[in-house]
Amino acid sequence: MDGEERDVTVEMPEERAEPAEPDFDHLSGIVTDGLIGAVGGLVGTGALTVGLLIATSFGAFRLSSFGTLTELTGLDFLLPLSPTAVGYILFLLTGMVMWPLLFASIGSYLPGEKYATKGVPFGFALWTGFAPAFYEGYTGLALVLYLVVTLGAHFSYGFTLGAVFDYLGNRPSTLV
């Protein structure tokens, strides 16, 4: 009051910006990742199917092998006249749901820089189960063609699955 000015400082609390949470921790991010996996699985299974059709044209694969899946699961009552169709639908669903989920969970541990290149060893791992499961007594050249063409088809499945992950997804560097 004596004409003196007082220095008054008021400390304002600093506003801290909360770091943005990654989208994959929210339900919408999980659903989006699931859709990316399903699309990748559909594209990959399409590429695998083309390889199997090529093997069929060489006499190195039988489409009736898909009927075995129908019989093993007990779903042959759905379309009793076409167990091959039901078996292929099961094959397609597995390629769209189960394998993409597995790939998403272990993909960061596979060798390669991008998911497309990581998909090639993943396709090889899947082929090691496919080859004995769908083997129908091929011998000679048919056996060699069966092994080579189905291996190439599984490489294409893994590569295209990973390429869709690379193209559509902004995957975190780790899945922890």
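I30 sits in helix α1, which covers residues 27-57. This is a predicted model, so treat the picture below as a computed one.

**The surface patch around I30**
- I30 belongs to a nonpolar patch on the surface, together with L27, V31 and L35.
- Taken together, these residues have about 420 Å² of accessible area.

**How α1 meets α5**
- Helix α1 also packs against α5, with the two axes 8 Å apart and an angle of about 155° between them.
- Angles over 145 degrees count as roughly antiparallel, and therefore α1 is roughly antiparallel to α5.
- In the contact of α1 with α5 there are 15 nonpolar residues, 10 polar ones and no charged ones.
- The crossing of α1 and α5 is right-handed.

**How α4 meets α5**
- Helix α5 (residues 140-168) has a contact with α4 (residues 115-133) as well, and here the axes come within 7 Å.
- The axes of α4 and α5 cross at roughly 140°, and α4 and α5 are therefore oblique to each other.
- Sorted by class, the residues of the contact of α4 with α5 are 18 nonpolar, 6 polar and 1 charged.

**The salt bridge**
- How many salt bridges does the model have? The count comes to 1.
- Its partners are R62 and E136, whose closest N and O atoms are 3.1 Å apart.
- R62 lies in the loop between α1 and α2 (66-73), while E136 lies in the loop between α4 and α5.

Note on methods
Residues are numbered from 1 along each chain as its sequence is written. This is a predicted model: local features need pLDDT of at least 70, side-chain atom pairs count only at pLDDT 80 or more; totals for chains, interfaces and linings use all residues. Side-chain values use heavy atoms; hydrogens and water are left out. Axes are lines fitted to C-alpha atoms, for helices over the stretch in contact, and angles run from 0 to 180 degrees between N-to-C directions. Helices (H or I, at least four residues) and strands (E, at least two) are DSSP runs, numbered from the N terminus. Angles under 35 degrees count as roughly parallel, over 145 as roughly antiparallel, 65 to 115 as roughly perpendicular and the rest as oblique. Ala, Val, Leu, Ile, Met, Phe, Trp, Tyr, Cys and Pro count as nonpolar, Asp, Glu, Lys and Arg as charged, and the others, Gly among them, as polar. Patches are made of residues with over 30% relative accessible area and no salt bridge: like charges are joined within 9 Å, nonpolar side chains (Val, Leu, Ile, Met, Phe, Trp, Tyr) within 5 Å. Accessible areas come from the Shrake-Rupley method with a 1.4 Å probe; for residues, only the protein chains shown count as cover. A salt bridge is a side-chain nitrogen of Lys or Arg within 4 Å of a carboxyl oxygen of Asp or Glu. A crossing is left-handed if the near helix is turned anticlockwise from the far one by less than a right angle, and right-handed if clockwise.
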